Amino acid sequence: MTNKVTIFIEDLPYQVPDDINLLQACLSLNMDVSYFCWHPAMGSVGACRQCAVMQYQNEEDTRGRLVMSCMTPVSEGMRISFNHEKSETFRATNIEAIMTNHPHDCPVCEEGGDCHLQDMTLISGHIKRRYPGTKRTHNNQYLGPFLNHEMNRCIGCYRCVRFYRDYCGGNDLNVFSSKNNIYFGRAEPGNLENEFSGNLAEVCPTGVFTDKPFSQHYIRKWDLQSSSSICSHCSVGCNTYVTERGGIIRKINNRYNEEINGHFLCDRGRFAYQHVNHESKLTQIWSRAKQNYQQKNQSQQTHVLDDKQAHSQLSQWLNEADAQVVGIGSARSSIENNAALHKLVGASNFYAGIASDELSQLQLLIKTYKSNQLSLVSLNDIEQSDAVLLVGEDVTQTAPRLALSIRQMTKNAGIAKAAKMGIKHWQDEAVRNISQDEKSPLIIINTHETKLADVAKHNLNLAPNKQLELLLEIEAYLTAKDAETHLSEKKSSDTQFSDIAITIANELLAANNPVVVTGTHSFDIALLSACLRVSILLKNQKESSGFYCATSAINALGLSLLTQPDHDLDSLIENITSNPPTLLIIMETDLYRYYSNEKITTCLDKINHIVVIEQLITDTVKMADLVLPAASFAEQHGSWLNNEARLQRAYAVMPASDMRQTPVQWLAQHNTLDDEQNLYRYIQNISPLLRPIVQSSTANKSDFSVARQPMRSSARTAFFANIDVKEYAPKRDEKSNLTFSMEGVAGFRQETLNNSQHKITTPVTGVWSPKWNSNQALSKSLSQTLNKSGVQDEADLGIDLNLDLNLGLKIFDGLNMQAFEIPAAQVDSPSQPLISISICPQHHIYTNDELSEYSSSIAELTPEPVISLNQKQANDLAIKSGENLTITSNNYNISLPCLINNTLADKVVLVPFTEFMRLGANKQVSSNHSAGKANGDANE
């Protein structure tokens with residue numbers, strides 16, 4: 001528990017926590033102190049000199065001295081004044097000097113109305129420009145498809161390079177020159193390489209870095225409709241604000257959640273929203289007539305149906321005399337949508353839209369989580385831990401926000417070292433000087449070197465079977481330690497452990513809060529089993545140890561809770577081949593990502609009727625007899641279960657356009673779940689673990705309407721004037737108390753009435769505080785939480801604290817069920833060990849996710865598909881870099897240029913993730929190769 005100290009501000013006593021700086025103390029007391037360089041996630045460096053206040057030695061001291069509040073720890077009896085004439089003059093003079101070279105181009109700057117510099121200028125009293133001289137100017141750089149660059153607006157706060165280099169580990173953005181001519185950019189123009197570069201648009205307090213995709217459909221902040229949502233592009237479940245105007249998603253902003261994403265989003269989460277606006281999105285109901293079920297692609301015409309005709313057609317197929325109905329659920333769709341399909345087809349006919357290897361891993365995770373043998377940790381827990389074992393997962397590509405948290409974890413040893421010398425954790429520069437190269441241990445076991453290699457203590461690049469061997473060795477060593485067997489010396493060969501296994505195990509045992517991190521993206525259940533067993537053994541000896549597993553999609557864990565064992569795509573395809581259903585309903589799953597064109601087309605041709613509920617035109621949609629346009633994540637309310645089993649709620653930011661509806665709505669007439677409460681009761685019946693979904697869906701409901709639009713939203717009465725002079729009433733949201741207008745309680749408020757038992761718990765739709773119009777208003781609110789006694793989470797916050805009450809509910813917390821014994825993993829002995837090559841998936845942040853490819857900005861950074869291998873492997877295969885290498889399987893083969901990567905383990909070849917999925921089982925490297933092509937080809 002944080003202790004309190006009493007400080008005196010303008011001779012009035014205040015109690016504040018003893019581990020914060022003076023700037024945070026003032027902000028926590030709702031005082032408006034201007035600053036630029038300080039950031040709650042990055043600490044203090046005192047670069048901007050804008051937060052100056054007067055400090056006095058005691059009551060008798062009337063002279064005082066100027067101090068920078070962000071660099072000054074609070075202490076008992078401290079006396080300060082920020083209204084003193086000298087400090088006010090200093091701040092006003094400082095910002096006037098900063099602004100001498102600023103272009104004052106607010107009317108054309110995209111930060112206008114959302115600008116921390118505007119707010120601080122007014123707070124500091126600098127409202128009149130006196131400088132008559134020539135302004136310094138810079139040339140701007142091309143920094144890639146995500147960010148605009150306007151260096152003339154720079155005020156030299158150093159936030160950008162501190163975030164990009166020190167916090168994220170990027171090395172291609174730097175500061176050049178000195179004094180009044182400093183320049184923040186790259187050594188030469190080009191794409192910023194770090195996966196978190198988009199955060200510069202929020203980190204920068206001015207308009208130096210602005211959101212480039214937002215520029216293409218720019219709207220002022222006060223005209224944007226906003227709602228709280230969940231990022232759907234990986235399994236982490238980051239919290240976001242989705243903003244909209246005129247039926248177009250304009251921008252994604254970070255929504256602070258202390259336990260998950262904190263202040264930052266990855267670039268995929270920030271910029272992959274463009275599929276909602278894409279020209280290929282489905283807005284109409286399509287039906288195609290055919291003359292013969294066995295001639296699906298012949299003599300067919302597509303017709304547009306209305307809602308009534310679509311339901312009539314679906315009802316007819318469902319009620320055929322010999323109807324056999326099968327449904328495919330989606331890992332990227334909400335729990336409610338999957339449950340609606342589950343009810344329609346029945347549990348035995350509901351299949352998860354994922355491969356068999358992945359479903360097996362997910363259900364193994366669920367059984368282990370239910371047993372309560374290990375502790376599931378959040379990203380915040382990982383950041384506070386002091387050792388991480390990362391196994392078989394390139395998290396920078398599969399769960400980028402997790403990688404950022406692991407990077408922060410490595411700094412804890414330096415922070416602890418500085419703390420012993422009396423240096424607070426927020427004194428960033430001092431902590432870095434003291435810590436130097438000292439890092440908390442990060443041990444990476446993978447097939448190749450990842451982007452976390454620069455902060456890892458041990459980088460072990462091993463083939464999958466060698467990874468498993470090492471984990472089993474660590475497991476055996478921990479088992480022996482758990483039995484209090486002393487192994488200071490190596491024993492006989494049957495109990496002998498390698499030095500590296502002993503080193504890794506001892507690193508984990510020496511830590512106070514070690515965490516084992518892995519994922520399902522390797523599709524290796526033996527490796528996952530070994531990680532789980534190691535984590536359980538670690539918890540037996542370290543109660544505070546934790547486990548984290550990155551799954552493939554936002555709702556993969558939730559989908560597996562609704563699915564019976566062995567009800568995956570592989571099983572379904574096999575069943576269709578022998579006994580095809582009469583009706584197949586496919587929900588938000590593109591089957592062509594999982595199988596070769598020939599295999600899936602042949603399979604679908606056996607089915608009489610195919611209904612596809614989808615947002616976009618995919619290859620699977622092209623095979624459908626009836627296409628029902630689905631609402632996107634931005635057009636529906638829904639519940640999502642992330643990879644740590646945290647149930648979270650997302651809210652629509654706009655009504656569904658045209659004929660789009662949620663799958664729940666499309667199926668309601670046919671599954672008797674036309675009432676929301678019936679739907680939630682059914683979900684609880686499928687899986688009692690999902691009982692908190694009712695609490696999650698009603699947590700933010702109240703008697704008060706909540707505005708999605710700001711109070712200053714303009715042009716409402718003229719918005720549709722080009723269509724009709726009539727003023728149309730805003731559509732009503734029947735599923736929540738949010739309004740599609742500015743009527744209602746302001747969305748940024750979390751009100752608490754005088755009687756604390758009566759709370760107005762409204763979903764947050766934006767960030768704002770009086771005088772603070774930019775996203776930095778969050779920093780003020782966060783500081784206020786520090787000064788509230790007994791605050792445990794955002795549910796305890798009071799008036800004007802713009803944080804979401806819904807942190808999410810972890811469904812496995814508190815369970816105490818019978819222990820589940822994880823099957824012991826065994827190392828397979830390959831039949832030809834001398835020539836056996838492991839073919840593994842190669843993941844990439846911009847190609848792994850199905851919906852990201854529809855984003856034009858992300859498409860610019862999508863790499864050409866290649867097959868990676870090391871030089872030794874290339875020599876063995878007699879192939880050169882750039883030449884095509886062929887990988888074959890039962891009914892599919894690919895031929896792509898090879899890329900030499902000497903960090904790859906021996907006997908390992910990496911294949912692009914989507915091609916790896918389509919290859920299926922029995923993958924082999926062909927000895928045939930040819931001269932490389934500009935683009936790899938896939939042959940069937």
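Is arginine 130 buried or exposed? At 63% relative accessibility, arginine 130 counts as exposed, where exposed means over 50% relative accessible area, buried under 20%, and partly exposed in between, with a 1.4 Å probe and protein chains only. I will come back to that residue.

First, the ground rules. This is a predicted model, in which local features need pLDDT of at least 70 and side-chain atom pairs count only at pLDDT 80 or more, while totals for chains, interfaces and linings use all residues. Residues are numbered from 1 along each chain as its sequence is written, and side-chain values use heavy atoms, with hydrogens and water left out.

Now the overall picture. The protein chain has 28 helices and 38 strands; these are DSSP runs, H or I of at least four residues for helices and E of at least two for strands, numbered from the N terminus. The chain has 940 residues, of which 59% count as buried. Taking contacts (heavy atoms within 4.5 Å) with a separation of 6 or more, 74% are between residues 24 or more positions apart.

On to salt bridges. The definition is a side-chain nitrogen of Lys or Arg within 4 Å of a carboxyl oxygen of Asp or Glu. Searching the whole structure gives 32 of them.

One involves arginine 130, whose partner is glutamate 96, with the closest N and O atoms 2.8 Å apart. Arginine 130 sits in the loop between helix H3 (116-124) and strand S6 (147-149), and glutamate 96 in helix H2 (residues 85-98), so the pair ties together parts that are 34 residues apart in sequence. Glutamate 96, at a relative accessible area of 17%, is buried.

Another joins glutamate 614 to arginine 332, at 2.8 Å from N to O. Here the link is between distant parts of the chain, 282 residues apart: glutamate 614 belongs to strand S23 (residues 609-614), and arginine 332 to the loop between strand S15 (325-329) and helix H9 (335-345). Both glutamate 614 and arginine 332 are buried.

Then there is lysine 872 with aspartate 876, at 3.7 Å between the closest N and O atoms. These two are four residues apart in helix H27 (residues 871-876), which means a separation of about one helical turn. Lysine 872 is partly exposed at 46%, and aspartate 876 is partly exposed at 48%.

There is also a network of salt bridges, linking Arg162, Asp166, Asp428 and Arg432.

Next, a helix pair. Helix H10 (residues 356-371) packs with helix H18 (residues 525-541) at about 15 degrees, their axes 10 Å apart. The axes are lines fitted to C-alpha atoms over the stretch in contact, and angles run from 0 to 180 degrees between N-to-C directions. H10 and H18 are therefore roughly parallel, the cut-off for that being under 35 degrees. The residues in contact are Ser360, Gln361, Leu364, Leu365 and Thr368 from H10, and Ile525, Leu528, Ser529, Leu532 and Ile536 from H18.

Last, two backbone points. Alanine 878, which is not a glycine, has a positive phi near 55 degrees. Alanine 878 lies in the loop between H27 and strand S34 (884-888), and at 55% relative accessibility alanine 878 is exposed. Asparagine 922, also not a glycine, has a positive phi of about 60 degrees. Its loop runs between helix H28 (913-919) and strand S37 (924-930).

How values were computed. Angles under 35 degrees count as roughly parallel, over 145 as roughly antiparallel, 65 to 115 as roughly perpendicular and the rest as oblique.
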